[in-house]
Amino acid sequence: MSKRSSWALPYFIFLVLFVVMPLVLIVVYSFQDASGHFTFSNITKFFMDKDSLSTFALSIEVAIENTALCILIGYPAAYILADKSLNRSAVTVVLFIMPMWVNALMRTLATAELFNMAGITLGKGTLLFGMCYDYLPFMIYPIYNVLNKMDKSYAEAAEDLGAKPLEVFTKVTLPLSMPGVASGILMVFMPTVSTFAISEFLTNNKIKLFGTIIQENINNSMWNYGAALSLIMLIIIAITTVLQGKDNSEAAAGGAI
């Protein structure tokens, strides 16, 4: 235990037990049938099942709409928080963090109860409202961090060269803040696709998302098909993460130029 590397052993064990092994089990179950024999039927079943495909398409649609809403609301909020002339108090930043101190399920139940008290019919509109409410901080803070750390000399140089405020924003601030936007999109889009509790409580289970199908299959002891759906979701997340990393590198290179 005298070596520094020994202190990493507990974290390594935790990583193996609770990250690596569950992922390995998902892959193993995905390519097995109920008898434990190797098969591709679980994967092909998803592409042949119209209900699963339609639910997946609906999940993508809802995720795109929710992500767009979070960008439209989150970017101006992050811009105001990062601008010292518009926001001079650190308390304002904390106010955006405070809702995250409450369990997401409790926030969702409270939101559903507010809609019931107001007599608002639960449906897609209430679902988008609840998702935007839950995931908005995950869009604001990546953008805020990038804007807050941005070198202000770029904007000042653009102003010295005669650029108007709108031109400074569109040609300097916005391009340099795109890595934060890309991170926010990833942190909002993928959880929206895979969630099930929010859609269940805010639509009375009228709208089922991809995460709901995974939950239902696992609850019905259909582990193999549920694992296959989870694997498909993990592959999508991996591809999205790789593409995001590539876009961030290109954006950073463009900003450096």
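1. A quick definition to get going: a residue is called buried when its relative accessible area is under 20%, exposed when that area is over 50%, and partly exposed in between. Keep in mind that we're looking at a predicted model. Take Lys208: its relative accessible area is 35%, so Lys208 is partly exposed.

2. Who does Lys208 pair with? Its side chain meets that of Glu216 in a salt bridge, with 3.0 Å from N to O. Glu216 comes out at 27% relative accessibility, so it is partly exposed too. As background, side chains of opposite charge can pair when their charged atoms come close.

3. Searching the whole structure turns up four salt bridges. One of them joins Glu61 to Lys124, whose closest N and O atoms sit 2.5 Å apart. Glu61 belongs to helix 3 (residues 50–82) and Lys124 to helix 6 (residues 124–149), so this pair ties together parts that are 63 residues apart in sequence.

4. Lys124 also has a salt bridge with Glu65, and here the closest N and O atoms are 3.3 Å apart. Since Glu65 is in helix 3 and Lys124 is in helix 6, this pair links parts 59 residues apart in sequence. Glu65 is partly exposed, because its relative accessibility is 27%.

5. Now have a look at helix 1, residues 9–30. With 22 residues at 1.5 Å a residue, helix 1 should span 32 Å, and its end C-alpha atoms are 30 Å apart, which agrees. Where does helix 1 bend? The bend is at Val16, by about 35 degrees.

Methods
Residues are numbered from 1 along each chain as its sequence is written. This is a predicted model: local features need pLDDT of at least 70, side-chain atom pairs count only at pLDDT 80 or more; totals for chains, interfaces and linings use all residues. Side-chain values use heavy atoms; hydrogens and water are left out. Helices (H or I, at least four residues) and strands (E, at least two) are DSSP runs, numbered from the N terminus. The expected span of a helix is 1.5 Å times one less than its number of residues. The bend at a residue is the angle between axes fitted to the seven residues ending there and the seven starting there. Buried means under 20% relative accessible area, exposed over 50%, partly exposed in between (1.4 Å probe, protein chains only).
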